[in-house]
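I opened this notebook to record what I looked up in the structure shown below. The entries follow the order in which I consulted it.

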Amino acid sequence: MPEPRTLDASGLKCPVPIVRAKKEIDSLPVGEVLRVIATDPGSVLDFQGWVKTNPSKYELVGQEQGRDAQARTTYIHLVRRKA
Amino acid sequence: MSLAVATEIDPAVRAYVDEQLAALRDRVPDNRVTLVVFSGDLDRHLASLVIATGAAAMGLEVSIFYTFWGLSALKKASHLDGKSAKEKMFTLMTPGGLSTLPLSRLNFGGMGRAMLRSMMKEQEVASVEELFATARELGVKMIACTMSMDVMGITREELLDGVEVGGVATFLGDAARSRAAFFI
C-alpha cells in the first residue's frame, strides 16, 4: 500500500489544522487517505467532530499519538475521503 | 397483497431509497443540546448550568464548550511555574475557579456577589457549585478550548479532572447534531 499524503499541521492552532486538512483532502482522489500530524491536543476530538458532521464524505480510519524530533507530543489523524 | 408488492421492489429502487434514507439520517439532529460558555461572569454561568442540568434531566445529551473567560470556571488551581510574565499576569488577574467568579453587574468588588448568593440561598435556589456538580453527575460533557488555553497560558494541570480538550470542530461536531445550541 502506498504511503498516504501527509499534512504537517504541527504547531498550528485551532481552527487552522481542520481548515488545511479540508483543503488538502478535497484535492485527493475519492478513496485516498490523508495523514494529518498535529500538536494541538484538541485536534483529537476536533477530527472526530469533523467526520461526524460529514459522515458520508469523510471517515476517520485511525488516530494515534507520537513524538516528533523536538520531543513534542504529536496527534496523528488518518482521514479517508469517501465521496 | 401489500406483501406481494413488497417482495417485488426493484433492487435498484431499494438501493436508491436506502441511500436517500442514509443521507437524511446524517442530517437529522440527535437528542442533544450544546452550549458555548464564553463569559467569566457568575450569573451567566448560573444560566448555562440551569440549561445544562435541565436538558440532561430531560434526557438530552449535553456538551458545554468553555472558551476564553469561561475557562475560569474549570480551574481547580492556578499555577505560575513555567509561565511567561504576561501569562503570570493573566493568571493573577483572572478568577481561579467557579467560587471566585464575579457578577456581570452590581458586583461592587464582590459585595454584590455575596448578596446574590445569600438571596439565592434564601430562595432555596441551587448554588452554581451545586449545579456544576449536578451537571457532572448527570454526565454533561465539558470541553475546554485549547486555543484559548494556549493564548491565556492556562495549562491542563490547572483544570478539573475529567474535563476534555477540543477545538471548534469539537463544538460544531456536537452543535450541528443538536436540537438547540447556546452562546453564553
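**Entry 1: the contact between the chains**

I note that the model is a predicted one.

**Entry 2**

I then turned to chain B, where five strands form an open sheet with parallel pairing, in the order 4-3-2-1-5. Strand 4 (164-166) and strand 5 (180-183) of chain B each have a single partner strand, so one side of each is left without a neighbour in the sheet.

I examined one pair in detail: strand 1 (residues 32-37) and strand 2 (residues 61-66) of chain B run parallel and are joined by six bridges. In this pair, Leu35(B) stands opposite Ile64(B) of strand 2.

**Entry 3: helices on the sheet**

Helix 3 (residues 42-57) of chain B packs on the sheet and touches strand 1, strand 2 and strand 5 of chain B. I recorded an angle of about 165° between its direction and that of strand 1 of chain B.

Helix 8 (residues 168-175) of chain B lies across strands 1, 2, 3 (141-145), 4 and 5 of chain B, at about 145° to strand 1 of chain B. Is helix 8 of chain B mostly covered or mostly open? I found it mostly covered, with eight of its eight residues buried; among them are Phe171(B), Leu172(B) and Asp174(B).

Terms used. Residues numbered from 1 in each chain as written. Chains lettered and ligands numbered in written order. Predicted model: local features only at pLDDT ≥ 70, side-chain atom pairs only at ≥ 80, totals over all residues. Pairing = 2+ DSSP bridges. Helix = DSSP H or I, 4+ residues; strand = E, 2+ residues; numbered from the N terminus. Contact = placed C-beta atoms within 7 Å. Axes fitted to C-alpha atoms, helices over the stretch in contact; angles between N-to-C directions. Buried ≥ 20, exposed ≤ 12 C-beta atoms within 10 Å, placed from the backbone.
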